Amino acid sequence: MTEPIVTFKDIHKSFGEVEVLKGINLDIKPAEKVAIIGPSGSGKTTIIRMLMTLEKPTSGDIIVDGNNLWKMDKNGKLVDANEKHLRSIRGDIGMVFQHFNLFPHMTILENCMTAPIQVKKENKETAKKHSIEMLEKVGLGDKLDNYPNQLSGGQKQRVAMARALVMRPKVMLFDEVTSALDPELVGEVLEVIRDIAKEGEMAMILVTHEMDFALDVADKVLFLDEGVIAEQGTASEVIEHSRNERLQSFLKRFR
Ligand code: ADP
């Protein structure tokens, strides 16, 4: 059996007194596409942020490509993360945010080249070549020297994808990447994600409210509700055939 690229083992997360994740167990295989759906406040973003090591679990293990995100001591107990260790694991994970988070003072091309040069220590020429290839792939080969504020929201989001992809991550995280876009721009962004998904190499985790898109792209869908995975299965099982009442009432809002 293929080893999972991402494993969550009994992950709990509290903010103060409030427990927002109550025992998440999850295995994601290399190249698997997983959509996370669920009501606002159910903990979807917290799961994604933990994978980026932007949040630390209260307890439990997160394992990426065989490495625990949080360093363990000799007895296997979770201790604070070692920055160097985290950086190397973060290099395997790419993320696209709801609000693009591009560097406004850099051109599109520079936005893409920065991480390969600084994190992967690629030389400038190689980083430039790979960045141009990636920007062409997302349909922005003619915008290399433009600045983010000269682009539409959909174009900015495609730059954000190229910037993440150029690092060749093993896992890509997409956190509601279309929810800040005008409706007419959603399609072009989903199209790019579909293309990336079809290439098949990377695992992808997508927090999304686009149910048709999830049906089309996801191998597996998780319904998160009040901090637990309340339902999981193939996209069709979860979105089209589940009898879970809370899931059905959640889905009614999107149909
Ligand atoms: P979702 O993405 O499903 O909308 P989130 O993961 O963003 O849910 O949030 C889950 C719960 O955790 C919410 O009640 C939210 O208010 C709370 N929460 C998230 N981040 C923080 C934080 N940094 N401090 C306190 N509460 C937080």
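## Ligand shell, helices and core

Helix H1, residues 44–51, gives the most to the shell around the ligand: three residues. The model is a predicted one.

**Ligand shell.** Around the ligand sit Phe 15, Val 20, Gly 38, Ser 40, Gly 41, Ser 42, Gly 43, Lys 44, Thr 45 and Thr 46. By class, the shell holds seven polar residues, two nonpolar and one charged.

The table sets out H4 and H5. Spans run from the first C-alpha to the last, and the expected values use 1.5 Å a residue.

| Helix | Length | Span | Expected span |
|---|---|---|---|
| H4 | 14 residues | 20 Å | 20 Å |
| H5 | 13 residues | 18 Å | 18 Å |

H4 comes close to its expected span. H5, residues 153–165, also comes close to its own.

**Helix H4.** The buried residues here are Ala 127, His 130, Ser 131, Met 134 and Leu 135. Viewed down the axis of H4, they fall within an arc of 135°, so they line one face of the helix. H3 and H5 are among the elements that cover these buried residues. Just after H4 comes Gly 139, with a positive phi of about 80°.

**Helix H5.** How much of H5 is buried? Of its 13 residues, 12 are buried, so H5 is largely enclosed by the rest of the structure. The buried set is Gly 154, Gln 155, Lys 156, Gln 157, Arg 158, Val 159, Ala 160, Met 161, Ala 162, Arg 163, Ala 164 and Leu 165. What do these residues pack against? Two strands take part, S6 (93–96) and S7 (171–175). The helices are H3 (108–118), H4 (124–137) and H6 (183–199).

**The nonpolar core.** The largest nonpolar core has 73 residues. Ala 162, Val 171 and Val 221 touch the most other members. Ala 162 is also one of the buried residues of H5. Beyond its neighbours within four places in sequence, Ala 162 is in contact with Cys 112, Met 134, Leu 135, Val 138 and Leu 140.

**Glu 245.** This residue lies in helix H9, residues 245–252. Is Glu 245 buried or exposed? Glu 245 has 8 other C-beta atoms within 10 Å. A residue counts as exposed at 12 or fewer, so Glu 245 is exposed. Glu 245 and Ile 24 are 221 residues apart in sequence. In space, their C-alpha atoms are 21 Å apart.

Definitions and conventions:
Residues numbered from 1 in each chain as written. Predicted model: local features only at pLDDT ≥ 70, side-chain atom pairs only at ≥ 80, totals over all residues. Near = placed C-beta within 6 Å. Helix = DSSP H or I, 4+ residues; strand = E, 2+ residues; numbered from the N terminus. Nonpolar A, V, L, I, M, F, W, Y, C, P; charged D, E, K, R; others polar. Expected span 1.5 Å × (residues − 1). Buried ≥ 20, exposed ≤ 12 C-beta atoms within 10 Å, placed from the backbone. Contact = placed C-beta atoms within 7 Å. Core = buried A, V, L, I, M, F, W, Y, C linked by C-beta atoms within 7 Å. Arc of directions from axis to C-beta.
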